[in-house]
Amino acid sequence: TVKGTYARRIAWYDRGMGLELEQEPKMLAAIQRALDQREFVLYAQPKCNIRTGRIVGIEALVRWNHPEKGLVGPGEFVPFLERTGFIVYLDRYVWDMACGLLASWIAEGRHPIPVSVNVSRADVRAIDVADELERIVERHGIERRLLEVEITESAYAEDECVTHLVDDLQRRGFTVLMDDFGSGYSSLNMLKSIGVDTLKIDMGLLREDADDANRSEGILEAVTSMARLMDMPVIAEGVETAEQVEFLKRIGCDYAQGFYFYRPMPQSEFEALMETEGLIDYRGVLPRVVDD
Ligand code: C2E
Ligand code: MG
Ligand code: MG
Ligand code: MG
């Protein structure tokens with residue numbers, strides 16, 4: 001079982017859990033049961049072209065549909081799973097669900113759009129992420145370009161091997177996004193050497209307090225222009241206001257993901273949206289947005 005594999009790595013007792021599962025063995029048992037019972041579900045949050053508002057892809061975000069607590073967000077269990085190494089099991093399951101979703105669209109005759117999944121640092125340490133993703137897309141018969149891989153910035157900072165992973169994934173035909181860029185570890189220099197396909201800017205950079213506002217606007221602008229020079233599209237995360245949209249347009253950021261456009265929503269809700277004429281931009285994320 002999962003527990004048998006990872007029990008020895010577990011070193012903490014986690015107090016802050018909203019789930020009130022006092023001990024780790026309980027938490028692990030609960031998650032194992034939830035995996036068996038298929039209680040984890042995907043929510044979809046669209047990524048949009050800032051200028052047109054059209055949807056270019058979605059991010060698959062996990063939720064725990066808990067029998068008693070209702071819908072539980074990843075903040076309540078992902079950090080715990082990352083610390084214990086147990087995240088590998090959930091993420092494989094999530095990657096599989098994302099490919100299942102794509103396969104169902106294709107089976108139903110819908111025009112598929114790219115779905116991105118998250119890869120955490122613990123995944124990179126524990127398994128061969130590229131082999132695993134390849135197995136999953138093959139099993140579902142999915143084109144690789146349709147599954148996009150978000151690797152969080154903190155993973156790059158620590159591991160030399162992430163550079164190889166990015167190359168490997170790209171060679172196999174996956175698109176790689178750097179997630180949470182600017183949340184604290186990376187440098188512009190790193191960005192250049194790693195060569196991801198797309199950059200996602202952490203929402204923290206859009207949310208500085210008044211004192212720091214000018215400085216983070218400057219940083220955002222610098223990052224965006226540098227990405228542009230490298231023909232790397234930029235997606236701003238956590239965009240909530242019209243002011244932020246205006247600012248991002250001004251500095252040349254082409255894509256955004258945030259409550260201003262859409263909140264994460266259940267699969268069925270997103271599929272209903274897909275029916276709306278003209279809402280999806282099937283060209284996806286482009287290195288440079290051409291004006292429509
Ligand atoms: P992330 O990958 O950076 O995902 C974006 C998070 O920002 C999502 O939170 C999303 O709901 C939230 N968000 C998007 N737009 C806005 C906005 O305008 N305002 C605000 N305040 N928030 C916004 P969520 O779904 O709670 O996920 C949080 C984090 O949990 C994710 O950050 C990711 O690091 C992790 N996560 C989620 N699903 C998975 C998964 O399947 N596997 C792994 N390893 N991590 C996951
Ligand atoms: Mg992400
Ligand atoms: Mg590369
Ligand atoms: Mg992020």
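What is the volume of the largest pocket? The legends below take up this point and others in a predicted model.

**Figure 1. The largest pocket of the predicted model has a volume of about 1000 Å³.** Of its 44 lining residues, the closest to the centre of the pocket are Val 78, Glu 82, Asn 118, Asp 179 and Asp 180. Several elements give two or more residues to this lining: E2, helix H3 (78-84), helix H4 (87-107), strand E4 (115-119), helix H5 (121-126), strand E5 (147-152) and E6. By class, the lining of the largest pocket is made up of 18 nonpolar, 11 polar and 15 charged residues.

**Figure 2. Four residues coordinate the magnesium ion (ligand 2).** The donors are Glu 59 (OE), Asn 118 (OD1), Glu 150 (OE) and Asp 179 (OD), at 2.0 to 2.3 Å. Along the sequence, the spacing of these donor residues is E-x58-N-x31-E-x28-D.

**Figure 3. Asp 179 coordinates both the magnesium ion (ligand 2) and the magnesium ion (ligand 4).** The distance between these two ions is 4.1 Å. Asp 179 is also among the residues that come nearest to ligand 1, and it is one of the residues closest to the centre of the largest pocket.

**Figure 4. Ligand 1 has 23 residues around it.** Of these, Arg 63, Asp 91, Asp 179, Glu 240 and Phe 259 come nearest. In the side chain of Asp 91, an N or O atom lies 2.6 Å from a nitrogen atom of ligand 1. A polar side-chain atom of Arg 207 is found 3.4 Å from a nitrogen atom of ligand 1.

**Figure 5. The magnesium ion (ligand 3) has Asp 167 and Gln 170 as its protein donors.** The donor atoms, OD of Asp 167 and OE1 of Gln 170, lie 2.3 to 2.5 Å from the ion. Because Asp 167 and Gln 170 are three residues apart in helix H8 (residues 161-171), about one helical turn separates them. Asp 167 is partly exposed, at 33% relative accessibility. Gln 170 is likewise partly exposed, with a relative accessible area of 23%.

**Figure 6. The second largest pocket holds about 240 Å³ of space.** It is lined by 18 residues, of which Pro 114, Glu 148, Arg 283, Gly 284 and Val 285 are the closest to its centre. The lining of this pocket divides into nine nonpolar, four polar and five charged residues.

**Figure 7. The largest cavity contains about 50 Å³ of space.** The count of cavities of 30 Å³ or more comes to one. Its lining consists of Thr 224, Ala 227, Arg 228, Met 232, Pro 233, Val 234, Gly 252, Cys 253, Asp 254 and Pro 287. Helix H10 (residues 213-229) gives the largest share of this lining, with three residues. By class, six of the lining residues are nonpolar, two are polar and two are charged.

Terms used: Residues numbered from 1 in each chain as written. Chains lettered and ligands numbered in written order. Predicted model: local features only at pLDDT ≥ 70, side-chain atom pairs only at ≥ 80, totals over all residues. Heavy atoms only, no water. Donors = N, O, S within 2.8 Å, 3.2 Å for Na, K, Ca; no water. 1 Å grid on protein atoms, 1.4 Å probe; cavity = no way out; pocket = protein on both sides within 12 Å on 5 of 7 lines; lining within 4 Å. Points joined across faces, edges and corners; volume = space filled by probe spheres on them. Helix = DSSP H or I, 4+ residues; strand = E, 2+ residues; numbered from the N terminus. Nonpolar A, V, L, I, M, F, W, Y, C, P; charged D, E, K, R; others polar. Near = heavy atom within 4 Å. Polar contact = N/O pair within 3.5 Å; in protein donor to acceptor, adjacent residues only side chain to side chain. Buried < 20%, exposed > 50% of the residue type's maximum accessible area, 1.4 Å probe, protein only.
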